[in-house]
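Here's a quick tour for anyone meeting this structure for the first time. Have a look at it, then read on.

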Amino acid sequence: MPRSIYVHVPFCEQICHYCDFNKFFLENQPIDEYLALCEKEMKLTQEKFPSQDKIETIYVGGGTPTSLSTEQLKRLLLSIKSHFPLADPVEWTVEVNPGSADKEKLAMLKEVGVNRLSIGAQTFDPKLLQAINRDHKTSDIERTVHMSREAGITNLSLDLMFGLPNQTMAQWESTLKEACDLPIEHISAYSLKVEAKTVFYQMHRKGQLSLLPQELEADMYEKLREVLEINDFQQYEISNFAKNGLKSEHNLTYWNNDEYYGIGAGAHSYVNGVRRANNGPLPKYMKALRQNALPYLEEHEVPVKEKMEEQMFMGLRKLEGISSETFYERFSLGIHDVFPDVIDSLKANSLLEEKNQFIRLTDKGLLLGNEVFEKFLLAD
Ligand code: SF4
């Protein structure tokens, strides 16, 4: 049974050009009714799948949770507290956009029990911030970090992006330096992917987007690893780095292929071996809950074969890799018996290595993750 819960707040004050998340302009949205229906979803979820274990990680993401008023956000957080049994301690993360959290909101987060913030910085370069249509300035990032610490929230993560249109290596290095100079514990850094239904996708189709050559993007990834290592951030996942062991326990739920509840429009969940996706559009999500039904768009009972594939795709993202022992405990089958030739051939190509019962990506494998993962697709 899940020990983690994800709650989605699908409202934003401005839409970023690269974003394909489930989100809507904040203005004129029925926020209060949405919050009431999220609470109803929590209640119905508990009735259908009562928690047998305490919740160890909560992640409130979006969208932009901090685009809600202090009162609205507090109401949502208290709903979580009243419907799910929380472990002590619990890792409780809220996503914060620089500039959309003031002292009052941060003090409320601390008071309710939030102890980790994921701050969407993306880049410190003012021109690039504008090019990707973020609604904050460079100075907002530093201000948000300092205000968060002053409010007593001291486990802070920064989100960064590289491979942005026209981004130079010098701009990327300068962003990394500014990030490392801040009192933060964690960095997540992803390269730009041009996804369908985004402004960048339209621009790309019209030939108006100047994407970086793959080699430069790979060099930026190497620079990321190099600079963060020098600054005492330990890499523990393809895109994630932590100081003092402060990894994202919530995201480890996904990489360990463990179960989690998902609440809110477009949220996904994995409970009792079934993956479910909620309706994304607000009218559909809200209509189902007004009629006291859970707002599922689709449900998929994951067959064992798929569970084993997912275990590999997700687990290999972690730098420590996959434990053969855990694989055996979960499936009563040896990892080498299930993937007999694949592991050997990836090892022969220096993409995987095996040490102390753990199978992990090599440095070369880290750069070619997707190519490695697809080799673990099992025949029907
Ligand atoms: S703030 Fe976040 S969710 Fe909203 S548009 Fe930008 S990236 Fe997407």
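## How helix 6 crosses helix 8

Helix 6 and helix 8 cross in a right-handed way (the near helix is turned clockwise from the far one by less than a right angle). Helices here are DSSP runs of H or I with at least four residues, strands are E runs of at least two, and both are numbered from the N terminus. The axes of helix 6 (residues 169-180) and helix 8 (residues 214-230) come within 10 Å and cross at roughly 25°. That angle makes helix 6 roughly parallel to helix 8, a label for angles under 35 degrees. Axes are lines fitted to C-alpha atoms over the stretch in contact, and angles run from 0 to 180 degrees between N-to-C directions.

Which residues of helix 6 meet helix 8? They are Met 169, Trp 172, Glu 173, Leu 176 and Cys 180, and their partners in helix 8 include Leu 216, Met 220 and Lys 223. Contact means heavy atoms within 4.5 Å. This contact of helix 6 with helix 8 splits into 9 nonpolar, no polar and 3 charged residues. Nonpolar covers Ala, Val, Leu, Ile, Met, Phe, Trp, Tyr, Cys and Pro; charged covers Asp, Glu, Lys and Arg; the others, Gly among them, are polar.

## Where this comes from

The model is predicted: local features need pLDDT of at least 70, side-chain atom pairs count only at pLDDT 80 or more, and totals for chains, interfaces and linings use all residues. Residues are numbered from 1 along each chain as its sequence is written, and side-chain values use heavy atoms, leaving out hydrogens and water.

## Helix 1 and helix 2

Helix 1 (residues 31-48) packs against helix 2 (residues 70-83) at about 5°, with axes 10 Å apart. So helix 1 is roughly parallel to helix 2. Among the residues making the contact are Leu 35 and Met 42 of helix 1 and Leu 76 and Ile 80 of helix 2.

Gly 63 sits in the loop between strand 4 (55-62) and helix 2. The peptide bond from Gly 62 to Gly 63 is cis, with omega near 25°.

## Another cis bond

Asp 88 and Pro 89 are also joined by a cis peptide bond, with omega about 5°. Pro 89 lies in strand 5 (residues 86-96). Most peptide bonds are trans.

Notes. Angles under 35 degrees count as roughly parallel, over 145 as roughly antiparallel, 65 to 115 as roughly perpendicular and the rest as oblique.
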